[in-house]
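I would ask you to look at the sequence and the structure together while I speak.

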Amino acid sequence: MVSQLPKLMAYRQLLSGWLPFAASRTDHGVMVSSIVVQYTDLLRTSDYDLWIRLRELLRVQGLDPDRTIVVDLLQEGPDHEDGQVISEEGRIYRFTLYYDQAAENGARSARLDRWTDITDTWRRGSLATRTADAIAWMSSPESLT
């Protein structure tokens, strides 16, 4: 079995901000953070254990990963990441994803905690601008590719 350590290290660099992010403009003029575009693409297509497991966990919550937008997934501690997603129906959820980040296959046993519907309160959060842009991007054809 090939180690996923190099892939995990690259993913960590992506999350830490080591790799630059910028706003992306779609063909329809919608501005959206490249984090949203990249993370949504990773959710839908990545073969990294973390994203595979997150797809499974979102399905358990009743969300279709192919129609879900990832607003953020940020490492907040040695054992968890905080995330925010938007469902196809426009519901916005915040969650914590716990797993053993030091273990080579730790993400395979990740679990969701603090799954919270913040649809009515997201405008007061630190991700309000990115969330608003992601909502606008959801209606563009690019969000479904």
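**Overall fold and aromatic pairs**

Along the sequence, the elements of the protein run in the order α-β-β-α-α-β-β-β-β-α. That makes four helices and six strands. Please bear in mind that this is a predicted model.

The protein has 145 residues, and 43% of them count as buried. It exposes about 7,900 Å², of which carbon and sulfur atoms supply 52%. Among contacts between residues at least 6 apart in sequence, 50% join residues at least 24 apart.

I turn now to the aromatic rings. How many aromatic pairs are there? The count comes to three. One of them joins Y39 and W51: the ring centres are 5.9 Å apart and the planes stand at 55°, so this pair is tilted. Y39 belongs to helix α2 (residues 34-45) and W51 to helix α3 (residues 49-60), so the pair ties together parts that lie 12 residues apart in sequence. Are these residues buried or exposed? Y39 counts as buried, at 2% relative accessibility, and W51 is also buried, at 0%.

Another pair is formed by Y93 and W115. Their ring centres lie 4.7 Å apart with planes at 15°, so the pair is stacked. This pair links distant parts of the chain, since Y93 sits in strand β5 (residues 92-98) and W115 in strand β6 (residues 111-117), 22 residues apart. Y93 is buried, with 14% relative accessibility, whereas W115 is partly exposed, with a relative accessible area of 22%. Together with F95, Y93 and W115 form one aromatic cluster.

Terms used. Residues are numbered from 1 along each chain as its sequence is written. This is a predicted model: local features need pLDDT of at least 70, side-chain atom pairs count only at pLDDT 80 or more; totals for chains, interfaces and linings use all residues. Side-chain values use heavy atoms; hydrogens and water are left out. Helices (H or I, at least four residues) and strands (E, at least two) are DSSP runs, numbered from the N terminus. Buried means under 20% relative accessible area, exposed over 50%, partly exposed in between (1.4 Å probe, protein chains only). Contact means heavy atoms within 4.5 Å. Accessible areas come from the Shrake-Rupley method with a 1.4 Å probe; for residues, only the protein chains shown count as cover. Rings of Phe, Tyr and Trp (its six-membered ring) pair if their centres lie within 6.5 Å; planes under 30 degrees apart count as stacked, over 60 as edge-to-face and the rest as tilted.
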